[in-house]
Amino acid sequence: MNVRAARSEDVDAVAALIAAYDASLDAPPDTTADDLRDEWRELDLTRDAWLLELDGRLAGFGCVYGKPERLHADGYVHPDFRGRGLGARIVELAEARAREVGAALLRNGTLHADAAGRALLEAHGYAYVRSFLRMAIELDGEPAAPDLPDGLRLDGFRDGDAEAVHAANQEAFADHWGHVHEPYDAWRARRLEPADTSLWLVVRDGDEIAATAFNDIRFGGGWVGALGTRPAWRGRGLGRALLLASFGRFHERGERRVQLGVDSENPTGAVRLYESAGMEVVWRADLYEKALSAVCLG
């Protein structure tokens, strides 16, 4: 087994590996090369991502991402190389890197359909925490028009909105599991500057931002991201209005498949909302976590 750091030119090969993994589990395609390029911009590839090669072929890929206080690992093994120790090696690499950066806890996950992946994590001391769902809809016709309460209006993102939109989004997700406040400058560099904000939508109540949806083109179609309503405006149909408006915006762009991700235990009833709008679960990923012991680096 040869282990080396990932390089930017490896992105197409890694995307093909992930596609083979998904196909082996009858899961819909999850990650394109462009998606990976976006994700890799936030990684130090020389330290945080690894390629595993066997028999002269790319056999596995793993990485860690996030901040030490909220560090995640991700890994894939090509179906042709299962049962040869690559999954265990990816887990070991991720844990070693997590200890180097001072993480006390590492989260890792796998598709629920991957029974071997779940067993691997459990064998390495990981405990199941919760599940996350990918939901999708095929837009066969023009979506229904959104409806908002009187006095509220649906709008796009405008120049000058950035700080108010960031604050509204942080407030909307403050009570969600695992949320860590992200300072404005970090959010701007990570989320705003690379974005096509013509896809973003907001609900305004006078000068207030009541709800947001940071939409993208990802995973081969439309992606509804960070759809959240501030607590004072919940229960008034803003989430549904933003969802339908997002469908409409993607339909105008010629995107017929729209997806999103959601915590299966979302406290605001998001899963029921998305189902009521015609979305269906296309896969489930199970999240595990493990407390890490400290390591002395000398």
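**Briefing: a predicted model, its strands, cores and aromatic pairs**

Trp 200 is buried, with a relative accessible area of 0%. The model it belongs to is predicted.

**Aromatic residues**

- The aromatic pairs in the model come to ten.
- One of them joins Trp 187 and Trp 200, whose rings are tilted, with 6.1 Å from centre to centre and 50° between the planes.
- Trp 187 is in helix 7 (residues 184-192), while Trp 200 is in the loop between helix 7 and strand 8, so this pair ties together parts that lie 13 residues apart in sequence.
- Trp 187 is buried, at a relative accessible area of 1%.

**Nonpolar cores**

- In soluble globular proteins, nonpolar side chains tend to be buried together.
- The largest nonpolar core here has 31 residues, and the members that touch the most others are Leu 243, Phe 247 and Tyr 274.
- Two or more residues of this core come from each of strand 6 (127-138), strand 8 (201-205), strand 9 (208-213), helix 8 (238-252), strand 13 and helix 9.
- The most residues come from helix 8, which gives eight.
- Leaving aside residues up to four places away in sequence, Tyr 274 touches Met 135, Leu 227, Leu 243, Leu 260, Val 262 and Met 279.
- A second, separate core holds 23 residues, among them Ala 33, Trp 40, Leu 51 and Tyr 76.

- Eight bridges pair strand 3 (residues 57-67) with strand 4 (residues 70-77) in the antiparallel sense.
- The two strands are joined by a hairpin of two residues, and Lys 67 has Arg 70 of strand 4 as its bridge partner.
- Strand 4 also pairs with strand 5 (residues 105-111), here in the parallel sense and over three bridges.
- Within strand 5, Asn 108 stands opposite Ala 73.
- From strand 4 the chain passes through helix 4 (residues 86-100) to reach strand 5, in a β-α-β crossover that is right-handed.

**Asn 266**

- Asn 266 sits in the loop between strand 13 (257-263) and helix 9 (270-276).
- Its relative accessible area is 15%, so Asn 266 is buried, as the cut-off for buried is under 20%.
- The side chains of Asn 266 and Thr 268 make a polar contact at 2.5 Å.

Conventions:
Residues numbered from 1 in each chain as written. Predicted model: local features only at pLDDT ≥ 70, side-chain atom pairs only at ≥ 80, totals over all residues. Heavy atoms only, no water. Pairing = 2+ DSSP bridges. Helix = DSSP H or I, 4+ residues; strand = E, 2+ residues; numbered from the N terminus. Right-handed = clockwise from strand over helix to strand, strands pointing away. Buried < 20%, exposed > 50% of the residue type's maximum accessible area, 1.4 Å probe, protein only. Polar contact = N/O pair within 3.5 Å; in protein donor to acceptor, adjacent residues only side chain to side chain. Core = buried A, V, L, I, M, F, W, Y, C linked by side-chain atoms within 4.5 Å. Contact = heavy atoms within 4.5 Å. Phe/Tyr/Trp six-rings, centres within 6.5 Å; stacked < 30°, edge-to-face > 60°.
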